Amino acid sequence: MGKKFKTKKSVSKRIKATKNGKLKMKHSHRSHQAHNKSTKQKRHLKHSTYMNDSMAKRHKYTIAR
């Protein structure tokens, strides 16, 4: 019988699993000190991104599906 994992609530509020199993998250570095960042950088940080495979493997069992 396999081991059950509890959902890490702090992670599950920040990361969503897509239908294909990829993990979707928001970019970091957007909350403050925006005057040091270019308009292009702030515009690109606005959108969501997919987690890379090495990070996704680490967070695989921390979110509920």
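Which residue stands opposite Lys26 in β3? The reply is in point 3, after the basis of the model and its overall make-up.

1. Basis. The model is predicted: local features need pLDDT of at least 70, side-chain atom pairs count only at pLDDT 80 or more, and totals for chains, interfaces and linings use all residues. Residues are numbered from 1 along each chain as its sequence is written, and side-chain values use heavy atoms, with hydrogens and water left out.

2. Make-up. The protein has 3 helices and 3 strands, and along the sequence these follow the pattern α-β-β-α-β-α. Helices (H or I, at least four residues) and strands (E, at least two) are DSSP runs, numbered from the N terminus.

3. Sheet. The 3 strands form an open sheet in the order β1-β2-β3, with antiparallel pairing. Since β1 and β3 stand at the edges, each with a single partner strand, one side of each is left without a neighbour in the sheet. Two strands count as paired if DSSP finds at least two bridges between them. Strand β1 (residues 16-17) and strand β2 (residues 23-26) are joined by 2 bridges, and Ala17 stands opposite Leu23 in β2. Between β2 and strand β3 (residues 48-50) there are 3 bridges. Here Lys26 stands opposite Ser48 in β3, which settles the opening question.

4. Hairpin. In the hairpin of β1 and β2, 5 residues lie between the strands. Gly21 is partly exposed, with a relative accessible area of 33%; buried means under 20%, exposed over 50%, and partly exposed in between (1.4 Å probe, protein chains only). Gly21 and Gln41 are 20 residues apart in sequence, and their C-alpha atoms are 28 Å apart in space.

5. Most residues other than glycine have a negative phi. His29 is not a glycine, yet has a positive phi of about 70 degrees. Gln33 also has a positive value, near 55 degrees. His29 lies in the loop between β2 and α2 (39-45), and the place of Gln33 is in the loop between β2 and α2 as well. Where they part is in accessibility: His29 counts as exposed at 60%, while Gln33 counts as partly exposed at 49%.

6. Rings. The charged end of Lys22 sits over the ring of Tyr50, 5.3 Å from the ring centre. For this term, NZ of Lys or CZ of Arg must be within 6 Å of the ring centre and within 35 degrees of the ring normal. A search of the whole structure for aromatic pairs finds 0.

7. Overall form. The protein has a radius of gyration of 15 Å, whereas a compact globule of 65 residues would have one near 11 Å. The radius is taken over C-alpha atoms, and the globule rule is 2.2 Å times the number of residues to the power 0.38. Along the principal axes, the C-alpha atoms fill a box of roughly 55 × 20 × 20 Å.

8. Of the 65 residues, 15% count as buried. The accessible surface comes to about 6,200 Å², of which 51% belongs to carbon and sulfur atoms. Among contacts (heavy atoms within 4.5 Å) between residues at least 6 apart in sequence, 52% join residues at least 24 apart.

Technical notes
Rings of Phe, Tyr and Trp (its six-membered ring) pair if their centres lie within 6.5 Å; planes under 30 degrees apart count as stacked, over 60 as edge-to-face and the rest as tilted. Accessible areas come from the Shrake-Rupley method with a 1.4 Å probe; for residues, only the protein chains shown count as cover.
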